Amino acid sequence: MKLKIAIQKSGRLYEDSIKLLKDCGIDVRNGMNKLKAEAENFPLEVFFLRDDDIPQYVADKVADIGIVGENVLYEKQKSVTVVEKLGFSKCRLAVGVGKDENYTGAQYLQGKTIATSYPVLVRKFLDDNNINAEIHEISGSVEIAPGIGLSDAIVDLVSSGSTLFMNGLKETETILKSEAVLVRNNELSEEKLAILSSLVFRMQAVKKAKNNKYILLNAPNERLQEIIALLPGMKSPTVLPLAESGWSSVHSVLNENDFWNIIEQLKERGAQGILVIPIEKMIV
Ligand code: ATP
Ligand code: MG
């Protein structure tokens, strides 16, 4: 019994999807242009597909699970279950208009023509805002549409905004924030759910590890309590005496988001020799 996973064949999701599996200890070798591969050391069969097709394949149970961007998932409107947000391929679906336009809000779009590859999501956005606008569906290079007179505005995926800028556009409203997610078929057997649960357990350990750092530092004993208070750790920090009297070595785990803030405070309290080390897996 193997769980079948659909991932993108090539493109912006591919590398991170393969890396995630690898970080979970699952080796997938896909020869050039192969559509299918088997993991060596986990009951997983991998299908390489276009990202647009992944929701459909999972809904139809050709694949049991899949990795796909939320943008594609919600555009396709297939009935599948989101199991886990994966934290990569972050981007947003945003409205772009000519850089000199005065965009004051969604009402700007009233009566306009909008080019997009996401007609479903754009229609929903327009309906939610009571706007009448014409949608011009195109499959790629959406950002050139206003320049060639095809549309007044666009709705497209943006990460840095440089593509819009290069085409004389500016980013305005975000209609969806997106990242890669793991989805599953709604009706998996008990056996498949058990494999999925062990896969998700590994993914969560990898994700937690990515968001946390291992920190080691030397602390003067007279300020040890203040320093420990800044470092909650998984249970509590490890404190070991240094060979030099009056000093201790403190080991703990820090969340990436608090990182710079806490480092500053540690320094202010006399911490020295601070080492910050990536964590590979984290099981709490
Ligand atoms: P396919 O040939 O599989 O249909 P594609 O050309 O449609 O590929 P890609 O450009 O590879 O798609 O993007 C795949 C997904 O990566 C997008 O659906 C989105 O979720 C995410 N993505 C797109 N653009 C960016 C970006 N600039 N930064 C990060 N993630 C992005
Ligand atoms: Mg695609």
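Analyst: Happy to! By class, 4 nonpolar, 2 polar and 8 charged residues make up the lining of the second largest pocket. Here Ala, Val, Leu, Ile, Met, Phe, Trp, Tyr, Cys and Pro count as nonpolar, Asp, Glu, Lys and Arg as charged, and the others, Gly among them, as polar. Please keep in mind that this is a predicted model, where local features need pLDDT of at least 70, side-chain atom pairs count only at pLDDT 80 or more, and totals for chains, interfaces and linings use all residues. Residues are numbered from 1 along each chain as its sequence is written, chains are lettered from A and ligands numbered from 1 in the order in which they are written, and side-chain values use heavy atoms, with hydrogens and water left out.

The second largest pocket has a volume of about 260 Å³. L86, G87, F88, K207 and K210 are the closest to its centre among the 14 residues that line it. A pocket is an open set of points on a 1 Å grid over the protein atoms alone, where a 1.4 Å probe fits, with protein on both sides within 12 Å along at least five of seven lines; lining residues have an atom within 4 Å of a point. The volume is the space filled by probe spheres set on the points, which are joined across faces, edges and corners. Helices α1 (14-23) and α6 (190-211) each supply at least two residues of this lining; helices (H or I, at least four residues) and strands (E, at least two) are DSSP runs, numbered from the N terminus.

Now for the largest pocket, which holds about 1,100 Å³ of space. It is lined by 35 residues, and R12, N71, Y118, D156 and L157 are the closest to its centre. Its lining divides into 9 nonpolar, 16 polar and 10 charged residues. At least two residues come from each of α3 (70-76), β9 (153-158) and α5 (162-166), and α3 gives the most, with 4 residues.

Next, the metal. D51 (OD) and D52 (OD) coordinate the magnesium ion (ligand 2) at 2.0 to 2.1 Å. Donors are N, O and S atoms within 2.8 Å of the metal (3.2 Å for Na, K and Ca), and sites may look incomplete because water is not among the atoms. D51 counts as buried because its relative accessibility is 18%, whereas D52, at 27%, is partly exposed. Buried means under 20% relative accessible area, exposed over 50%, and partly exposed in between (1.4 Å probe, protein chains only).
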